[in-house]
Amino acid sequence: MTVGGLSVGLDTAAAPKRGKRASPWTYALFAVAALAVISLVRVTTGATDLTSAGTVQAALTAAVPLAMAALAGLWAERAGVVNIGLEGMMVLGTFGAGYAGYQWGPWAGVVFGLFLGVVGGLLHAVATVTFGVDHIISGVAINLLAPGAALFMSKLYFTDAPGGGARQSPPIGDAPKVTVPGFADLMGTIEDKHWFLLSDLAGVLRGLTTQISVLTLLAAALIIGTGWLLWRSAFGLRLRSCGEAPAAAESLGVNVYKYKYLAVTASGAFAGLGGAFFAVSSGQFREGQTGGRGFIGLAAMIFGNWRPGGLATGAGLFGYTDAMSLRGSDAVHALLLLLGIALLVVAVTQYRSGHHVLSGFAAAIGVLFGWWFFASDEVPPELVGAAPYVVTLLVLTLAAQRLRPPKLAGEPYRRGQSG
Amino acid sequence: GCGAKNNDTGSGGGTPTSGAPAAGLKIGLAYDIGGRGDQSFNDSAARGLDKAKTEFGLDVKELEATAGETEAQKEDRLRQLVEGGYTTVVAVGFAYAEAIGKVAKDSPEVKFAIIDDFTDGVDTGANIANLTFAEQEGSFLVGVAAALKSKTGNVGFVGGVNTPLIQKFEVGYTAGVKAVKADATVQVKYLTQPPDFTGFNDPAKGETAAKGMFDAGADVVYAAAGGSGNGVFKTAKANSKWGIGVDSDQYNQPALAEVKDVIITSMIKEVDVAVYDFISSVKNGSFKAGQKVYDLKAGGIDYATSGGKIDDIKAKIDEYKAKIVSGEIKVADKK
Amino acid sequence: MRKLTPRSVLLGLAAPVGALVFAAVVSAIILAVTGHAPTDAVDAMARAAERPRTLVNAVNSATYYYLAAVAVAIGFRMKLFNIGVDGQYRLAALLSAALAGAAFMEQLPSFLRITVTIVVAMLVGAAWAGLAALLKVTRGVSEVISTIMLNAVATYLVSYLNRPERLAVSTAGSNNIGTPKITEGGQVAGFTVEGSSSKLFGLIFLAAAVGVLYWFVLSRTRFGFELKATGLSESAAVASGVNVKKMVVLSMLLSGAVAGLVGMPQLLGSSYSYSLDFPAGLGFIGIAVALLGRNHPIGMAIAALLWGFLANTANSFDTSGIPREIVDIMQGVIVLSVVVAYELVRRYRVRAEQHAVGGALGRTKTLEEVSS
Amino acid sequence: MSTEPPAAVELTGITKRFPGVIANSDVNITVRAGTVHAIVGENGAGKSTLMKILYGMQPPDEGTIAVNGAPVSFGSPADAIRAGIGMVHQHFMLADNLTVLENVVLGSEPRKGVALDFAAARAKIRDISDAYGLGVHPDRLVDDLGVGERQRVEILKVLYRGARVLILDEPTAVLVPQEVDELFGNLRELKAEGLTILFISHKLDEVLSVADDITVIRRGTTVASVSPSDVTARELAELMVGSALPVPELRDSTVTAKPVLTVKNLTVTGADGRLVLDDISFTIHAGEVLGIAGVEGNGQAELVEALMGIHAPNAGRVTLGDRAGNQRDITRASTRHRREAGMGYIPEDRHRQGVLLEASLWENRVLGHQTRPPNNRGPLLDRKGAKADTRRIVSEYDVRTPSIEVNASALSGGNQQKLIVGREMSGRPVVLLASHPTRGVDVGAQAAIWDHIRRARAQELAVLLISADLDELIGMSDTLAVILRGRFVAEYDPRTVTPEQLGSAMTGAGKEG
Ligand SMILES: Nc1ncnc2c1ncn2[C@@H]1O[C@H](COP(=O)(O)OP(=O)(O)OP(=O)(O)O)[C@@H](O)[C@H]1O
Ligand SMILES: Nc1ncnc2c1ncn2[C@@H]1O[C@H](COP(=O)(O)OP(=O)(O)OP(=O)(O)O)[C@@H](O)[C@H]1O
Ligand SMILES: [Mg+2]
Ligand SMILES: [Mg+2]
């Protein structure tokens, strides 16, 4: 049996519509409108953390490893290989970063983390491509193997290291951070005025220009680079064709195995990088520190419809709500109001496009959130942390689902089977 | 041999009889999740064990726990120690409460100790010593320090995982802060909820939470979050704010060397002392079953002064300390 | 399901045995390279295998691993990936523990009380899984994402409810917190095993019954047939009159109901309350066990026992000075090598099958034999 | 002018064995440069295998290949492409989620540095498309294309690579006559430019009209090399199969006055809101075969799916009469209820809708009939009953298989199809929806399937027949309707209509002409 496909019931749920892709202006307009609503909520609730530079910075830090994991998933799935072993490969990356990082600096850590990720990717490639093993099984095995191996090695190498321990590496130096001089201060001044919209915009901009880790910039470059490479280059076309129609690719002389190997190895590299980024920005390797981020990354990839921009959005949304819930509960309380308003907006648009049941559903939850907001002073602290998960689910539920996974992702492929 | 530092987890390396000490005392120690080398709670217990070992020359066996395991596996661990002839057994952490109760009943000749738990009828018996700590008292003192050091009247508390044990730290800390400045703000954040125990292991989360507190006006944050505290100190340093350590004198922890100048004090929980005391009590025949509370008075809880950042307010803190010791101030351990 | 011939039996055994040997060799190499004696590991395992307590613990662990595996397998059978077993069973265990421990339950006769506890656990598990199913069939949300998210949400919900002011009681002197202890009438008695301090879970029969039921429903009923058909080809199932959305909801509910059972053996046979140290992460082990056992009721039982044994030898490794992490490594290697071995055997089988078909078609003739 | 140029392709002594099957055995073919060389043979004769060997997709076990007189050895299609060989496969080799441009340039991308040079690619595709009148738009998604367009994209793929030798494996199977004519026009043009074409087809009249040379393959080996001027279609057929070709025909009419399937004003909109079925009405009576002709993608699939209850119609009414003549409105009934009420279904894509490849034959027999005896007893499966009935189907319908326990994937497509037909007939349906029931099935099986349909029709079965094979449609139908863009545009009497007339109606040319 193969569980690789794992898409039962999806194609009947909502038939994909292929509309025109929205122009950048539409997106920009949408972003401004969203910011205006957030700003309005910020003004009424006084929860400045909704759009503060600190939240944006923390969101970026949280989003980067997720985005890397999602990117790793993207590479593999675009070539037709489902990689649920992301979590394991990330763990290898964190260990690698710890091992090399404390000895030779953060960059060595990044490189070695990437390298160990590649090892994990290769293992997955051998199992899935050469041996045709079910992709899920191989991924689960890697998720079992990697944490065990990392802890095993950690005990071996870190126990005696100065400042290290059986379960953590000695400290790793941080990667350099950059700030846009002048601009950030100017934005800070505007942000502190708490003007409607302007201050919020300034807060976001300041967050994006202050103390940005070079690793974050590298991650952004990798996301953009991936988009370019996969959709604009010959290499990318060939790689994607392996996930869409490997038989066709093979019949045109594309070496499908080679591209699958490359893609899965790259996937391992990105996952390892995600782990390494995480360890370096945390200042050390600690056993178990990934805490399921590989799975969240996978979710971000699906959320993002197997596209770089989409997965960045997914990771960003998750990072934003996660940062908010970790930074304080005020903002999460304000989030209730924001969600309420957003749901009512969705209800109206859905009603106008004829989806009355969905509209009613959205309106009901929206009212519920609104009521919760007005009836309480805070979200119970035990529940605050659930915000990123609930928000992700809600967004997925209400956004129209037009998922287009690579057609043959998860299907085993054997050379010479085409025709 | 019995060197100063014992790095190997199973010190006997599979040959438990080698180097059996003349004293004949065989000590088994079962760690909580994290085990030796966690630079926190377990390590503290290990230090006590090491000290006893160098002084008394003991035969030692250390075993550790796995995340997500069941009570039966904990029980099995203790029984394996007993079966291996380890007649003195220390269980580190409240998770062993049920298990130790059962094993102790079956092995009356073995002396047991459990750290951090004293549940009536569960882990009590004629051969169990319950070594518990008044974390709230130490936390009260660092709360006092935080309030005195804070210029903004706004301080923070970062707890690793939201469990009753860590809540004790929070409650004591808040009480200490309020004792100095009744109108001070205490921001509280737990990094994860059980059974997600990664909150003790996630410096990134610690950093985000602390940064949020600093942004919201705090200038001192108490990190009762195990390894996640590293992130708290890191961001304290980056923002020129202060942090307070936990469990041991974190100022002197090698792993924190780079950020130690922001650690103004630490709440010290002398698990090592408790372990050492227990072992020596067994050795010299003065073992006593039942609860032994390590509090300020008993010297099992204290605050650290390394680095000299609180020299200016030490007198004030010691005043409170004296009041707690004398019983004039009673620090609650629950909200 | 296939006919048993000596050859097919041999082929069936070749894969798992070969894989286990391979996994053992890999583990031995890892140990040897890192300066541990592999023979010590063998020793430790042998000693564990002789200790009745370890064996009982292994079987007990296998009990809930098996339930988790069945829960996962129900989804897998129709290509639904229920990663959410973990959250489902934890939420179910908490709520049913709170109910079973409640004072008013004392009035019920023991059997009824236990039954109510178990049924509530199943309902909670099913409801939590049903959320994912609902999102999928109404909004097309991939169950992979929704169950990952719902696992986390369950964690927060559980810790919200597990408070003294809500479902929990706090005991003086204890640093643990959990639901009120279930009194004797609500407990399921275990079986004493000679030489073991642990008792065999009474609910092992529940696991066995679930296994039999799983086998029966999947291979003997119309529902099971439709489930399998949907998993093999959704489009063919639709054309054959299977209501796929209904199947998604039903199988997810069933999977969740079985997931709700995962915590029961431990809760009613040993812990008697849901507290901070209630075992977590069983849902993920269930995925591995289901995959290793190839969703087959007996295969999963064997896999669960193997898993349980390995998990319970960790202490023995530790005692012998072998890093306990080798258990995780062994488990991972076993999963990988078992599936690789199965794949190789499968390829061999397909070739043999085609050969047989080719023979039946009479296409093996050469040119000389085909007179023009 | 005196010396003969070297042969474009020379295959010598090619042998290829698969487990249990010898697909090619000592095949020798010489293809003259600048000709159209046809290869004919029944299903499974080994034509595709031979072409795949020539195209480097599979290595031969024995034998040699020479291109333009030079011996070559191909490790992969890339080598063959480099040697100037291009192949259009029997089954489309296209990635649906990619654009035409992406599909075409894949593997031979024009580059600007590392980047794919989209502008250059677009220009080149336009040029080729214009030069041969292919009418292909580079930026459309392949998913949106109809079969004919896809076929042209496949040809464009080959031309794009500058192939001098074109292999076309059954390119006409899915085309209507007019499209076939267009294709042949293109081929002649290509030939005029000096290209060599290897052309595979079952349709002998086509072969005779376009080919310069013909090679006949039987059971994996070459049995004859003939010139089209020397043979008739009959002779060619006998060379192919050793006997005359079966002809689809219904002898006498069995049409009764009893309406079985009545469809009124059926309207269906697609996912994008376009009308895919527009106000369709018809009635099929007991013992009647209604044939529907149409270019693929004009609503046939939607019609069948709406009738089977797989997709709900937006408007209209469907009524089904049982054997006793009671009429029942089934417009809103589920697929299962329709099947239970006596609808049988032979889907057009057997792998997608007809069989479970990874399940045993007897489980495949249960599929779609899981709620009826002999497959069930209440909610339980009746495994014994199902197996016994599977054995009956295997013997009655001549399904070639060693056992009913093997997976359906181990059967050839023809045998899978026979199993499906046997299964659908076993439900004693009152109406059968048959989509391309003999597509890709060899002549023997084809005849058998026609025979079964004829026999059931004599016992008052109503049949909705959809087929791309116009001979089959004309021969097997009592009534013929033509569907175009979701509407019935014409009705013909199959006794008088010609394939050409049908063809023009199918493409909409009928209106003008
Ligand atoms: N990859 C393969 N593995 C095993 N057997 C194969 C394979 N490909 C083809 N065959 C066998 O070789 C025989 C020849 O197949 P081929 O596809 O060449 O026939 P064909 O002449 O193209 O038939 P058709 O007219 O149906 O396309 C088939 O009957 C099949 O049994
Ligand atoms: N890639 C392949 N790998 C293995 N077996 C194959 C492959 N391709 C085809 N076969 C086998 O070849 C046989 C026939 O294949 P093919 O696709 O030619 O059938 P068909 O032409 O649809 O059927 P028929 O020859 O009955 O008309 C089947 O037994 C099938 O299992
Ligand atoms: Mg064929
Ligand atoms: Mg062919």
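User: Before we start, what does "contact" mean here?
Analyst: Two residues are in contact when they have heavy atoms within 4.5 Å. One thing to keep in mind is that this is a predicted model.

User: Okay! How many residues of domain 1 of chain A are in contact with domain 2 of chain A?
Analyst: On the domain 1 side there are 12 residues, and they meet 15 residues of domain 2 of chain A. Domain 1 covers 51-326 and domain 2 covers 328-403.

User: And what separates their centres?
Analyst: The centres of domain 1 and domain 2 of chain A are 29 Å apart, taken over C-alpha atoms.

User: How much area is buried between those two domains?
Analyst: About 1100 Å² is buried between domain 1 and domain 2 of chain A, and carbon and sulfur atoms give 77% of that. In domain 1, the residues that lose the most area to domain 2 are A:Phe303, A:Met324 and A:Ser325, together 43% of what that side buries.

User: What about salt bridges or polar contacts between them?
Analyst: The count of salt bridges between domain 1 and domain 2 of chain A is 0. For polar contact, the count is 1 residue pair, with both residues at pLDDT 80 or more.

User: Which helix gives the most to the domain 1 side?
Analyst: That is H14(A), with 7 residues. By class, the domain 1 side that touches domain 2 has 8 nonpolar, 3 polar and 1 charged residues.

User: Let's zoom out. What is chain A built from?
Analyst: Its secondary structure comes to 18 helices and 2 strands. The radius of gyration of chain A is 22 Å, close to the 22 Å from the globule rule for 419 residues, so chain A is as compact as a globular protein of that length. Its C-alpha atoms fill a box of roughly 60 × 60 × 40 Å along the principal axes.

User: New topic: how many residues of chain D are in contact with chain A?
Analyst: There, 33 residues of chain D are in contact with 29 residues of chain A. The two chains bury about 2500 Å² between them, with 61% of it on carbon and sulfur atoms.

User: How many salt bridges does the rule find across that interface?
Analyst: The rule finds 4 across the interface of chain D and chain A. One of them joins the side chains of A:Arg404 and D:Asp143, at 3.7 Å from N to O. There are also 8 residue pairs in polar contact between chain D and chain A, both residues at pLDDT 80 or more.

User: And how do the residues on chain D's side divide?
Analyst: The side of chain D that touches chain A has 17 nonpolar, 7 polar and 9 charged residues.

Note on methods:
Residues are numbered from 1 along each chain as its sequence is written. Chains are lettered from A and ligands numbered from 1 in the order in which they are written. This is a predicted model: local features need pLDDT of at least 70, side-chain atom pairs count only at pLDDT 80 or more; totals for chains, interfaces and linings use all residues. Side-chain values use heavy atoms; hydrogens and water are left out. Domain bounds come from an automatic or database domain assignment. Buried area is the accessible area (1.4 Å probe) that two parts lose on being put together, summed over both. A polar contact is a pair of N or O atoms within 3.5 Å; within protein, one must be able to donate a hydrogen and the other to accept it, and residues adjacent in sequence count only if both atoms are side-chain atoms. Helices (H or I, at least four residues) and strands (E, at least two) are DSSP runs, numbered from the N terminus. Ala, Val, Leu, Ile, Met, Phe, Trp, Tyr, Cys and Pro count as nonpolar, Asp, Glu, Lys and Arg as charged, and the others, Gly among them, as polar. The radius of gyration is taken over C-alpha atoms; the globule rule is 2.2 Å times the number of residues to the power 0.38.
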